[in-house]
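This report is an introduction for a reader who has not seen this structure before. Please look over the sequence and the model first.

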Amino acid sequence: MSERQTTDRDALFELLDTELVGHLAAVVDGVPIVVPMGYARDGEYVLVHGSTGGGFALRAASERRTVAFAVTALDGLVFARSLFDSSMNYRSAVAYGVLEPVDGERADAALLALSERLMPGRADEVRAMTRKEVAATRVLQLRLDDVVMKTRAAGASEAADDGEDHSVWAGVVPLGRRWGAPEPSVLTPAGTPTPDSVAALTTSLAPDGRLH
């Protein structure tokens, strides 16, 4: 529905900055492939990473194939007085373009940006990546030039004179998310304090119910 499309860059950036998983899609050898992955936004780019040992993303980048990267947030279910009019409140964006490798010193910064997006502050609490680990990881970027974003943030379709039985409940059931209680690994000694990064993450639910 074209009326749900928006070109608001702030709304796009908010969506990308609050979600954690996107889906990268490409056609390889005539076969469509879609892979879910964590990501980060760096200005006008989306950053993703993978192994240098293979993967369709690296192949798509090397062959300069057009890919699509999609992110969706479900904000609630809309219960109308008919199944036909029932809907979802959501925000979604699909970016199209060519993946570009991130090389040199910027690659290190991009890896840190990915870590900070998913686990803010964790890099300061653990050992640094080894040369072997860095060599095995490749960061790719997709510029946010060609993006289609759509949103719905409304109640159920209804009117006073629509002839429907208004004694039937209609409305919106919002969807909220929150982190659960941290679960230590089996090798973590009993009594080990919860690190600041984990404590901060588990209290990061914003008033609007979105993960920040």
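The sections below cover pockets, aromatic pairs and charges over rings.

## The largest pocket

The model is predicted. Its largest pocket has a volume of about 540 Å³. The lining of this pocket consists of 18 residues, and those nearest its centre are L111, L112, S115, A123 and M129. Two or more lining residues come from each of helix 3 (105–118) and helix 4 (131–135). Helix 3 gives the most, with 7 residues.

Sorted by class, the lining of the largest pocket holds 11 nonpolar residues, 3 polar ones and 4 charged ones.

## The second largest pocket

The second largest pocket holds about 350 Å³ of space. Its lining has 15 residues, of which R122, P182, T194, P195 and V198 lie nearest the centre. By class, 8 residues of this lining are nonpolar, 5 are polar and 2 are charged.

## Aromatic pairs

How many aromatic pairs does a search of the whole structure find? The search finds 2. One of them joins Y39 and F69 in an edge-to-face arrangement, with 5.4 Å from centre to centre and 75° between the planes. Y39 lies in the loop between strand 3 (31–38) and strand 4 (40–42), while F69 belongs to strand 6 (residues 66–79), so this pair ties together parts that are 30 residues apart in sequence. Both Y39 and F69 are buried.

F79 and W169 also form a pair: their ring centres are 6.2 Å apart and their planes stand at 70°, so the pair counts as edge-to-face, the class for planes over 60 degrees apart. F79 lies in strand 6 and W169 in the loop between strand 10 (146–152) and strand 11 (171–174), so the parts tied together here are 90 residues apart in sequence.

W169 is exposed, because its relative accessible area is 56% and the cut-off for exposed is over 50%.

## Charges over rings

Arginine side chains are also placed over aromatic rings. R41 lies over the face of F13, at 4.0 Å from the ring centre. R106 lies over the face of Y45, and here the distance to the ring centre is 5.7 Å.

Conventions
Residues are numbered from 1 along each chain as its sequence is written. This is a predicted model: local features need pLDDT of at least 70, side-chain atom pairs count only at pLDDT 80 or more; totals for chains, interfaces and linings use all residues. Side-chain values use heavy atoms; hydrogens and water are left out. On a 1 Å grid over the protein atoms alone, a cavity is a set of points where a 1.4 Å probe fits but cannot get out, and a pocket is an open set with protein on both sides within 12 Å along at least five of seven lines; lining residues have an atom within 4 Å of a point. Grid points are joined across faces, edges and corners, and a volume is the space filled by probe spheres set on the points. Helices (H or I, at least four residues) and strands (E, at least two) are DSSP runs, numbered from the N terminus. Ala, Val, Leu, Ile, Met, Phe, Trp, Tyr, Cys and Pro count as nonpolar, Asp, Glu, Lys and Arg as charged, and the others, Gly among them, as polar. Rings of Phe, Tyr and Trp (its six-membered ring) pair if their centres lie within 6.5 Å; planes under 30 degrees apart count as stacked, over 60 as edge-to-face and the rest as tilted. Buried means under 20% relative accessible area, exposed over 50%, partly exposed in between (1.4 Å probe, protein chains only). A charge sits over a ring if NZ of Lys or CZ of Arg is within 6 Å of the ring centre and within 35 degrees of the ring normal.
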